[in-house]
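Please keep the sequence and the model in view while reading.

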Amino acid sequence: MIHVPAELAESQVRYNGEAGRAFVAALPGRAEEFLGRWGLRLDGPSLHGAASLVLPVRRSDGTPAALKLQLLDEETEGEAVALRAWDGDGVVRLLEHDPETGTMLLERADSARHLSRLGDVGEAVRILAGLLARLSAVPAPRGLRRLDAVAARMLARVPGAVARLGARDAALLADCAAAVREVAGEPGDRLLHWDVHYDNVLGAEREPWLVIDPKPLSGDPGFELLPALTNLWNPDPVEIRWRFDLLTERLGLDRERALAWTLGRVLQNGLWEVEGGEDELGAVQVAVARALLAR
């Protein structure tokens, strides 16, 4: 029997309600099914994030791999498509996939070696920038979620959110929305990971570092940059701008467009916060937006 961590069960129920509860209840049987179907044997304790269970396994020839079991939804349904498009270039390879359940067999990376633990923040930013440049060089396959649709939904929700904030935060959220309106007509067509941060980059054998856990989106690479600014957090505006400039240079982005889409990501997070019951914007997001707007 596999172990389903309590934290995963709790997050599934919190975010997905009865669907999450049913997913967790089905996990032992689903794991057994795919262990047998793909000729796998367990090779270590269960791992998990907020949304998926990952089982270290070995294939019949002894090759290490990772069996990922997740609830199929808007964010996860394009994961296999994206992994095939990247074909292992800076990202873990897809070895097997079941479209009906979203279950995947992936190349195994070292879950104990995160880029966040490198010990040199500047070098970690440079490594992440190089990986982002490689991932965003790939055109998005057809059928993925599109950034223009995401932006339209965000902008429609802005008036309601602004009304629930104090004057200073409301003004900042409105500024972010205005920036998005300026670029919304050119949303881009690159294959975005959408969640590249330092804990989603693991050490590996095939390459020194590989990206995991995409939430694919078709759009402008500027929408990818915020997690690299807010993770391994440093509130110094000079540091924030240094990271942003390094990222935009390494990805070959127009700085003003990248700024607009980064503010779009601040807008997205702010809307989630307000709709989740908060009456002010998160301090880290505010600090990034103000540091970038100050130049």
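**Two helices in contact**

Helix α7 (residues 237-251) packs against helix α9 (residues 283-293) at an angle of about 75 degrees, and their axes lie 9 Å apart. Axes are lines fitted to C-alpha atoms, for helices over the stretch in contact, and angles run from 0 to 180 degrees between N-to-C directions. Helices (H or I, at least four residues) and strands (E, at least two) are DSSP runs, numbered from the N terminus. The two helices α7 and α9 are therefore roughly perpendicular to each other, a term for angles of 65 to 115 degrees. From α7, Pro-237, Ile-240, Arg-241 and Phe-244 meet Ala-287, Val-288, Ala-291 and Leu-292 of α9; contact means heavy atoms within 4.5 Å. The residues of this contact of α7 with α9 comprise seven nonpolar, no polar and one charged. Here Ala, Val, Leu, Ile, Met, Phe, Trp, Tyr, Cys and Pro count as nonpolar, Asp, Glu, Lys and Arg as charged, and the others, Gly among them, as polar.

The model is predicted: local features need pLDDT of at least 70, side-chain atom pairs count only at pLDDT 80 or more, and totals for chains, interfaces and linings use all residues. Residues are numbered from 1 along each chain as its sequence is written, and side-chain values use heavy atoms, with hydrogens and water left out.

Helix α7 also holds Arg-243. Arg-243 is buried, with a relative accessible area of 1%; buried means under 20%, exposed over 50%, and partly exposed in between (1.4 Å probe, protein chains only). Leaving aside residues up to four places away in sequence, Arg-243 touches several residues, including Val-121, Tyr-198, Asn-231 and Trp-233.

His-197 is found in the loop between β8 (190-192) and β9 (201-203). His-197 is also buried, at 14% relative accessible area. With residues up to four places away in sequence not counted, His-197 touches Leu-128, Pro-227 and Asn-231.

Most residues other than glycine have a negative phi. Phi of Asp-87, however, is near 50 degrees, a positive value. Asp-87 lies in the loop between α2 (79-86) and β5 (94-98), and counts as exposed at 52% relative accessibility. Phi of Asp-213 is near 60 degrees, also positive. Asp-213 is placed in the loop between β10 (209-211) and β11 (217-219), and counts as partly exposed at 23% relative accessibility.

Technical notes: Angles under 35 degrees count as roughly parallel, over 145 as roughly antiparallel, 65 to 115 as roughly perpendicular and the rest as oblique.
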